Every structure is written in structure tokens, then in C-alpha cells.
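Please read the points below with the model open alongside.

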Amino acid sequence: MGDADAIVLDGFLDEETVPGDLHGSTARFRLTVSPTDERTDEMILPCSVADPQIAHQALHELTPGDQLRVTGYLRLPRTPHEPMWLVVTEMTLLQPAPTFTDAFTAMLERYGPYVCYIDADTDQVPVWTEDGAWVGVADTPADLGQLLEAFEQRHGAGGEQP
């Protein structure tokens, strides 16, 4: 494969990078690629690195949430049981993941088409649809399922208005 066959993708490191072998001379990671703002266009792409220098960078310098630009070759499966992955030949850190201090007590969590605001200072969990429509407040995180089920029964599956 020549350089003309290589593809370049920007994405975010999905989770911790893992060694591909016992010596750490190769690495594997998953890259979340979202070329548009549409959630349906988002994909998680498994990646492998065979170059020892790039593998060292991936294993020791990257953290989940880092924005990367990777160049490589897409390996398509030849049988239904083989995975698809990107063989990375170049990798650049575009932006490190934000670091949070111990004072960070709240976060947004996504549950399908719903967004929840979870705050460690309170048990209540406010919920919206991804479009910004108000769903309600669960008294505790354990009550989220009941709240979402009641909302879907009132508004149709996925929170869509009938």
C-alpha cells in the first residue's frame, strides 16, 4: 500500500490504551470518530500500532479523552468473525483531554437519547432529551429507569412526540 492509500482521521481516545504484546512494542486503542455533529455518524474504530515509538507514545503519553489525528490503513474483515481496524502509521496529539480536580463533583451522563445531570452534592438527577426537551427529575439515580419509562409512555418511544 502506498501513501495514497492512507487515510487520516481525527477523533478522541475512547479508553485506556493497552499493549498489543508482552513487551509493549505494539499498542491497541479505540478511537471515537465523529465527522459531523450528528450522533448517528459517530463510530468507535479499533486501532493498532506496530511501530515501537508510536506504541510507546500511545501507552505512556495518552489519556482517555485526548484528541488525536491518526494516519493509517483500514483493514477490512475477510470473514464475518474478523474485526475491522485501523493500522496506525502516524499519530499526533491535537489536544489533551481536560483534567479535572478533586473539586469536580458534577457531570453530564448520556443514556441513549437522554442527558442527565449528576451532581455528587445531591441525589436528584435532572433529565432532558438530547434535543433539550425537559423530561423531569429522578429523586435518586436508581429512579432514572422509572422516570425514563414514564416519559416514553407519555411521548412515544425515544421521547419523540406522537
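1. Basis. The model is predicted, and local features need pLDDT of at least 70, side-chain atom pairs count only at pLDDT 80 or more, and totals for chains, interfaces and linings use all residues. Residues are numbered from 1 along each chain as its sequence is written, and side-chain values use heavy atoms, with hydrogens and water left out.

2. The open sheet. Strands S7, S8, S9 and S10 form an open sheet in that order, with antiparallel pairing. Strands here are DSSP runs (E, at least two residues), as helices are (H or I, at least four), numbered from the N terminus; two strands pair if DSSP finds at least two bridges between them. S7 (106–111) and S10 (134–138) are at the edges with a single partner strand each, so one side of each has no neighbour in the sheet. On average, neighbouring strands of this sheet are turned by 20° against each other, direction ignored.

3. Pairing within this sheet. Six bridges join S7 and S8 in the antiparallel sense, and in S8 the bridge partner of Tyr111 is Tyr114. The two strands form a hairpin with two residues between them, and Gly112 in the turn has a positive phi of about 60°. S8 (residues 114–119) is joined to S9 (residues 125–129) by three bridges, again antiparallel; Tyr114 has Thr129 as its bridge partner in S9.

4. The helix. Helix H2 (residues 144–155) lies across S7, S8, S9 and S10 and runs at about 150° to S10. Contact means heavy atoms within 4.5 Å, while axes are lines fitted to C-alpha atoms, for helices over the stretch in contact, with angles from 0 to 180 degrees between N-to-C directions.

5. An aromatic link. The count of aromatic pairs is two, where rings of Phe, Tyr and Trp (its six-membered ring) pair if their centres lie within 6.5 Å, and planes under 30 degrees apart count as stacked, over 60 as edge-to-face and the rest as tilted. Tyr114 and Phe151 form an edge-to-face pair, 6.0 Å centre to centre with 85° between the planes. Tyr114 belongs to strand S8 and Phe151 to helix H2, so the pair ties together parts that are 37 residues apart in sequence.

6. Further strands. S1 (residues 7–13) pairs with S5 (residues 67–75) over six bridges in the antiparallel sense, and Gly72 in S5 is the bridge partner of Ile7. Nine bridges join S5 to S6 (residues 85–95), also antiparallel; Leu68 has Leu93 as its bridge partner in S6.

7. The largest pocket. Which residues line the largest pocket? They are Phe12, Thr32, Arg39, Glu42, Leu108, Glu109 and Arg110. A pocket is an open set of points on a 1 Å grid over the protein atoms alone, where a 1.4 Å probe fits, with protein on both sides within 12 Å along at least five of seven lines; lining residues have an atom within 4 Å of a point. The space in the largest pocket is about 390 Å³. S7 gives the largest share of the lining, three residues.

8. The second largest pocket. Its volume is about 210 Å³, a volume being the space filled by probe spheres set on the grid points, which are joined across faces, edges and corners. Of its 16 lining residues, Arg28, Phe29, Pro46, Cys47 and Ser48 are the closest to the centre. S3 (27–33) and S4 (43–49) each supply at least two residues of the lining.
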